[in-house]
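Here is a colleague's note on the structure shown below, written as numbered points. Please keep the model in view while reading them.

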Amino acid sequence: MEFYLDTANTEEVKKASRLAFLDGITTNPSIIAKEKVDFKTKIQEIATLIDGKVWCQATGSTADAMYDQAIEMNSWGKKMVIKLPMNFEGLVAAGELVKKDVEVNMTLVNSLSHVVLAAKAGVTYISPYVGRTDDQSFDGQRFIREALQTIENLKSPTKVIGASIRGPQIAVDLANAGIDAITMSFDTFEKMVQSPLTDLGLAQFTQDWTNYMDDLKGN
Ligand code: E4P
């Protein structure tokens, strides 16, 4: 399973870059806008900070505009993934970019119809948004499981990346469902790492070790 963090914050990206298993950094226009710096500069900075893939989204509203933007963005780093919105214009642009061997992610995938169409377009990844689906009182994880099944039925090589993951247990459930990739905020990632039991256990080990060393020294 590929593992991504969804952030454009320089400190978070630097910290994340120390994780050997990190497959890359995903972004979206809202995440970039929060940083209040030039889009290209920001993406190029991320691409120099990490070894993995850098995902950035085309913001044009027509297929031609998205295509031109995607070709430009694809040169901003060595391993770029271009995100396109799951609509008609996005599908047209995707088809042309796939022909040029550009890695494309169809984002904002919200139905099994979207899954079928994006798979037919031959994109590398599709992103169903688990949290935002749950927000609308639909079952985000069920949608992911159905999307995985649809992709398998189609014998499509398109990978499913679970996005909008709002908590550690959701990430675990998606891993158990056999998802191809997940992306989450740095905050959710930190929640996956943290455990009060680990902190308490480590504090005890540290205390016992300090006492032992003191005893050896005859203190
Ligand atoms: C995916 O690539 C999206 O950027 C992201 O996962 C959206 O998450 P959110 O719904 O928490 O904003």
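1. Ile82 stands opposite Val104 in strand 5, where strands and helices are DSSP runs numbered from the N terminus (strands are E, at least two residues; helices are H or I, at least four residues). This is a predicted model, in which local features need pLDDT of at least 70 and side-chain atom pairs count only at pLDDT 80 or more, while totals for chains, interfaces and linings use all residues. Residues are numbered from 1 along each chain as its sequence is written.

2. Strand 4 (residues 80-85) and strand 5 (residues 104-109) pair in the parallel sense over four bridges, two strands being paired if DSSP finds at least two bridges between them. In strand 5, Thr107 is the bridge partner of Pro85. Between these strands the chain passes through helix 5 (residues 88-99), and this β-α-β crossover is right-handed; that is, with the strands pointing away from the viewer, the path from the first strand over the helix to the second runs clockwise.

3. Strand 3 (residues 53-57) also pairs with strand 4 in the parallel sense over four bridges, and Trp55 has Val81 in strand 4 as its bridge partner. From strand 3 the chain reaches strand 4 through helix 4 (residues 63-73), in a β-α-β crossover that is right-handed.

4. Strand 5 and strand 6 (residues 125-128) run parallel and are joined by three bridges, with Asn105 opposite Tyr125 in strand 6. Here the chain crosses through helix 6 (residues 112-121), and this β-α-β crossover is right-handed.

5. Which strand has six of its six residues buried? Strand 5 does, whereas in strand 4 five of the six residues are buried. A residue is buried if 20 or more other C-beta atoms, placed from the backbone, lie within 10 Å of its own.

6. The largest nonpolar core has 58 residues, and Ile25, Ala70, Ile82, Met106 and Ala118 touch the most other members; such a core is a set of buried Ala, Val, Leu, Ile, Met, Phe, Trp, Tyr and Cys residues joined through C-beta atoms within 7 Å. Leaving aside residues up to four places away in sequence, Met106 touches residues including Leu84, Ala118 and Ile126, contact meaning C-beta atoms, placed from the backbone, within 7 Å.

Notes. Buried ≥ 20, exposed ≤ 12 C-beta atoms within 10 Å, placed from the backbone. Contact = placed C-beta atoms within 7 Å.
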